[in-house]
Amino acid sequence: MLAQSGLENAARLLGLGFLVLNHSPIVVARVVEGRNLETPTNGRQVIKLDTDWRFWHSFENLDGITYDQLKAYILPCANDFITNPSDHYQRPSSEPNITVQYADKKFDDSNWETVKVPHDWAIKGPFYVGADAPVGGGMGRLPVQGVGWYRRKITVEQGDTDKAIYLDIDGAMSYAIVWLNGKLLGGWPYGYNSFRLDLTPYLLAGKDNQLAIRLDNPMQSSRWNIPTNMFQCTQYPGGGLYRNVWLTKVDKTHVGQSGTYITTEEVSSSSATLNLAVSVDNKANFKRDIHISTDVFKLNLETGKTGPKIASFPRASVSVLPGQSVDSSSSTIVQNPQLWGVWTSQQPSMYIAITKLHVGADDQVIDTYETRFGIRTFDPSSKGLLVNGEHVRIQGVNQHHDLGALGAAFNVRAAERQLEILRDLGVNAIRTSHNPPAPELLDLLDQMGFLVMDEIFDSWEIQKNPNDFHLIFPEWHEADLRSFIRRDRNHPSIYSWSVGNEVGEQFTEADGTAVAQGLVDIVHETDPTRPVTASMNYAKPNMTFPTAFDIISLNYQGEGIRDTPPYSHLPGITTPPLYSAFHSAFPEKLIEGSETASALSSRGTYIFPVTGEISAPINDTSGGNSTTMQVSAYELYTANFGSSADKTFAGQDPYSFVAGEYVWTGFDYLGEPTPYDAARSSYSGIVDLAGFPKDRYYLYQSRWRPDLRTAHILPHWTWPDRLGKVTPVHVFSSADKAELFLNGKSQGYLAREKYSYRFRWDNIVYAPGEVHVVTYKNGKVWAKATVETVGNATSLRLTADQSSISADGEDLAYITVEVIDSKGRVVPHASNNITFDVAGAGELVATDNGDPADLTVFPSKQRKAYSGLALAIVRAKTGEPGPITITASGANLKTGRVVIKAL
Ligand code: GAL
């Protein structure tokens with residue numbers, strides 16, 4: 001629900017993208033699968049290793065280590081995910097013949113930086129400037145490259161000697177190599193995947209153990225890691241231990257890594273059959289006879305707590321030989337299940353299965369493992385996607401993994417805020433472009449009722465860049481793919497796996513199709529319940545490549561690429577709209593737009609003249625300004641291969657079989673600042689990097705939430721230099737008719753034609769005052785909006801997205817600053833310098849304003865407003881409850897202040 005606050009209405013009237021949402025806190029899964037943090041005494045203990053890390057980074061490879069040199073020791077870590085035992089890797093019998101001083105227990109790291117994990121070493125900057133920067137705009141101009149070392153002590157109790165002890169890393173960028181007490185344990189090269197290492201063989205019980213982790217981001221090591229002179233489609237990878245790291249202590253006989261798999265069948269509102277597979281690993285040196293029990297409880301999504309028990313699986317017994325793993329399967333029936341559903345027409349409901357391993361006559365519990373899951377049906381077909389039998393149109397966005405000013409360092413509240421803003425917009429689906437997401441993001445998506453296309457790779461055997469994943473694809477693709485599917489397959493929100501994005505194999509017909517088929521087969525073996533896809537920007541309906549997939553996912557091709565006159569002068573391939581041709585070739589398959597639009601804009605910036613077309617590429621005479629590095633927010637301009645939202649909608653609506661789309665992108669992201677490489681972040685988001693909606697937000701909202709009574713006018717109406725000049729006025733609304741008034745005088749009625757998505761009065765001549773629109777639906781007034789000419793900036797107004805936050809050192813408050821005039825109206829051109837101060841129980845983490853060209857470092861206390869707005873991100877100090885006062889001041893402006901509480 002939209003909050004109908006005066007503030008929001010005022011902002012909307014001014015045509016500005018500030019948004020206040022009703023914040024109903026989601027209790028985020030602090031309990032990730034298998035990590036029953038709240039119940040540590042039942043056999044399994046999971047400890048978050050977040051504090052006390054020592055960190056050191058160098059752009060040079062000073063230790064001289066390479067992955068290739070040590071890969072014989074790293075590859076065996078893949079074995080658990082390689083099904084054919086003859087393909088397993090053997091660890092060499094002797095230790096590597098190298099001295100690694102940073103891994104040595106005795107190494108003095110006292111002058112290294114102390115950091116908290118998740119940590120992204122690059123996000124604090126500074127931004128590189130200039131055309132010959134080592135890292136250009138493509139990767140966000142931030143220092144991601146080089147080698148980073150993390151060291152931390154782990155204390156293991158005497159009593160832990162008989163336990164299995166694992167290090168679980170949710171994501172480390174990249175080429176992780178891990179030592180314990182100077183001994184090489186192994187590692188995992190793909191920086192987006194989660195992995196586990198067994199610490200047990202090298203642990204010294206009752207003592208401090210020294211962990212050392214080396215990460216390496218070589219230049220050109222991924223599509224997201226290329227130098228400026230190779231500027232092309234790139235994004236920001238981040239660097240370091242950018243997701244959570246855990247220590248798991250458990251009995252030597254335990255539920256294996258991602259060791260439960262729950263599927264459902266015969267689902268109806270009266271009952272559902274649950275099938276459970278549990279794999280039990282025995283690392284003890286004797287045989288174990290185990291009884292497995294699993295009870296199913298309702299999961300209370302409000303509190304995050306376990307609710308009433310609703311079913312039990314029959315107890316099972318297994319005998320597991322030393323060093324072996326045994327799978328056990330059972331089924332049960334749930335009566336009157338509450339189905340997991342997709343927002344908005346359905347609601348998410350979830351369950352939690354608690355599996356216990358018992359031994360001996362007294363039935364002692366030696367392990368407890370929690371699995372969250374949902375009961376629902378997905379039925380993908382050429383008619384679209386049915387969820388629980390109801391047709392749900394995919395209203396999706398692509399999301400890159402960075403969290404704006406926080407970089408790649410994962411934070412639950414930051415991700416939740418993004419999803420709240422997207423949900424208000426009407427988004428119901430997320431594509432995790434193009435990599436495995438943080439596990440907690442999937443928990444949020446489950447709990448908030450989003451659909452997910454969970455994607456793993458951006459390249460296979462064929463390179464996009466010289467040192468990208470293709471180098472390790474032959475040895476790692478099976479392990480990466482299987483571990484990813486096993487990790488994520490219990491999430492009810494995932495309706496489809498994607499094994500690739502725009503891969504080079506599209507071009508090689510039989511060879512590429514064989515690679516695709518191999519990946520699809522691995523997925524089907526690991527999860528037979530979901531369809532597999534890969535996004536195609538080149539493969540055509542008559543080629544073999546698309547035959548490998550269950551779902552047809554098209555990047556830009558559905559609506560056509562450079563197929564209309566404004567794009568005809570551009571180099572590059574021209575593709576006619578292909579939805580229909582793909583549907584004819586694959587009449588049974590679901591077809592979706594996995595990347596659509598790539599429309600570009602800078603929030604609140606309007607550039608004249610305005611094209612009369614519905615979609616146009618950008619140059620200095622068409623929607624762009626290469627000096628200020630801004631793109632017009634009339635929302636008509638696109639990447640050279642892209643389409644505006646209007647053209648995209650018109651390309652989909654004639655075909656009822658199109659299941660929906662994923663817009664490129666929901667939020668702006670770091671890197672890929674097409675069309676201005678000298679900038680830091682993208683222009684493609686419907687929402688800017690700071691989380692402020694652009695005008696396009698209201699265009700998508702009028703389509704995706706047509707019942708919302710809204711009308712949104714653009715541009716703002718404060719143009720002292722445009723007196724007497726043509727200044728087009730466009731209105732986004734789900735209404736079918738509208739009348740525009742300038743200073744009380746009607747500028748005429750417009751009716752919305754079929755396949756047109758905005759009201760546009762292109763000949764309005766600017767005069768200060770007031771623009772007002774009255775929209776109608778089915779002959780009745782639908783929504784009205786007004787935009788006024790505002791006065792000079794006088795004050796700063798602060799609003800917090802949460803009035804209280806947890807004093808846990810993780811929760812965040814997002815503080816919006818508006819530069820306002822004497823009547824409290826946002827000044828749309830305002831770019832005042834603002835200085836932030838945070839006092840009391842909190843600290844400033846970062847500031848931003850959503851300007852892709854602003855190269856002020858994110859942790860800065862000073863930030864210019866951009867189009868009237870700025871943002872501060874504030875964190876409470878750990879264990880220090882109390883008030884936090886955030887102040888923003890600027891020359892000749894009345895200081896703004898807001899107080900929140902840390903609880
Ligand atoms: C696509 C690509 C995305 C992103 C996008 C930019 O071709 O799959 O990763 O680069 O272009 O618009």
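Biologist: Where is Ser349 found?

Modeller: In this predicted model, Ser349 sits in the loop between E15 and strand E16 (350–359).

Biologist: Why is Ser349 called buried?

Modeller: Its relative accessibility is 13%. Buried means under 20%, so Ser349 counts as buried.

Biologist: And what is Ser349 in contact with, leaving aside its neighbours within four places in sequence?

Modeller: Ser349 is in contact with Lys298, Leu301, Gln338, Leu339, Trp340, Gly341 and Gly374.

Biologist: Asn336 is in the loop between E15 and E16 too. Why does Asn336 count as exposed?

Modeller: The cut-off for exposed is over 50%. Asn336 has 56% relative accessibility, so exposed is the word for it.

Biologist: What makes the phi of Asn336 worth a remark?

Modeller: Phi is positive there, about 45°, although Asn336 is not a glycine. Ala597 is another non-glycine residue with a positive phi, near 75°.

Biologist: Where does Ala597 lie, and how do you know whether to call it buried or exposed?

Modeller: Ala597 belongs to strand E27 (residues 590–597). Its relative accessible area is 2%, and buried means under 20%, so Ala597 is buried.

Biologist: Let's go to Thr51. Why is Thr51 called partly exposed?

Modeller: Under 20% would be buried and over 50% would be exposed, with partly exposed in between. Thr51 has a relative accessible area of 33%, so partly exposed it is. You'll find Thr51 in the loop between strand E1 (44–48) and strand E2 (53–58).

Biologist: What does Thr51 touch, not counting residues up to four places away in sequence?

Modeller: Thr51 touches Val115, Lys116 and Arg152. Val115 is 64 residues from Thr51 along the chain, and their C-alpha atoms are separated by 6.9 Å.

Biologist: What kind of peptide bond runs from Val117 to Pro118?

Modeller: A cis one, with omega near 5°. Pro118 is in the loop between strand E3 (113–115) and strand E4 (146–155). Trp664 and Thr665 are also joined by a cis peptide bond, with omega about 0°. Thr665 has its place in the loop between strand E32 (658–664) and H9.

Biologist: Now the largest pocket. What volume does it have?

Modeller: About 1300 Å³. It is lined by 43 residues, and the closest to its centre are Asn79, Asp80, Phe81, Asp281 and Lys283. Elements giving two or more residues to the lining include strand E7 (183–188), strand E12 (271–282) and helix H5 (473–488).

Biologist: Which element gives the largest share of that lining?

Modeller: E11 does, with 7 residues.

Biologist: What does UniProt list for residues 724–783?

Modeller: An unreviewed entry there gives "domain: DUF4982". In the model, that span is 0% helix and 55% strand, and its end C-alpha atoms lie 29 Å apart.

Biologist: Val771 lies in strand E38 (residues 770–777). Why is Val771 called buried?

Modeller: Set its 2% relative accessible area against the cut-off of under 20%, and Val771 is buried. Beyond its neighbours within four places in sequence, its contacts include Ile713, Trp717, Leu740 and Val787. As for Ser746, 25 residues away along the chain, its C-alpha atom and that of Val771 are separated by 9.9 Å.

Biologist: What about residues 796–898?

Modeller: UniProt, again in an unreviewed entry, lists "domain: Glycoside hydrolase family" for them. The end C-alpha atoms of this span lie 11 Å apart, and the span is 0% helix and 55% strand.

Biologist: Finally, Ser860, in the loop between strand E44 (842–848) and strand E45 (862–864). Why is Ser860 called buried?

Modeller: Its relative accessible area is 14% and the limit is under 20%, so Ser860 is buried.

Biologist: What lies 2.7 Å from a polar atom of the side chain of Ser860?

Modeller: The backbone oxygen of Gln862. A polar contact needs N or O atoms within 3.5 Å, and this pair is 2.7 Å apart. Leaving aside neighbours within four places in sequence, Ser860 is in contact with Leu844 and Thr847.

Technical notes:
Residues are numbered from 1 along each chain as its sequence is written. This is a predicted model: local features need pLDDT of at least 70, side-chain atom pairs count only at pLDDT 80 or more; totals for chains, interfaces and linings use all residues. Side-chain values use heavy atoms; hydrogens and water are left out. UniProt positions are given in the numbering used here, feature names are shortened, and annotations may be inferred rather than shown by experiment. Helices (H or I, at least four residues) and strands (E, at least two) are DSSP runs, numbered from the N terminus. Buried means under 20% relative accessible area, exposed over 50%, partly exposed in between (1.4 Å probe, protein chains only). A polar contact is a pair of N or O atoms within 3.5 Å; within protein, one must be able to donate a hydrogen and the other to accept it, and residues adjacent in sequence count only if both atoms are side-chain atoms. Contact means heavy atoms within 4.5 Å. On a 1 Å grid over the protein atoms alone, a cavity is a set of points where a 1.4 Å probe fits but cannot get out, and a pocket is an open set with protein on both sides within 12 Å along at least five of seven lines; lining residues have an atom within 4 Å of a point. Grid points are joined across faces, edges and corners, and a volume is the space filled by probe spheres set on the points.
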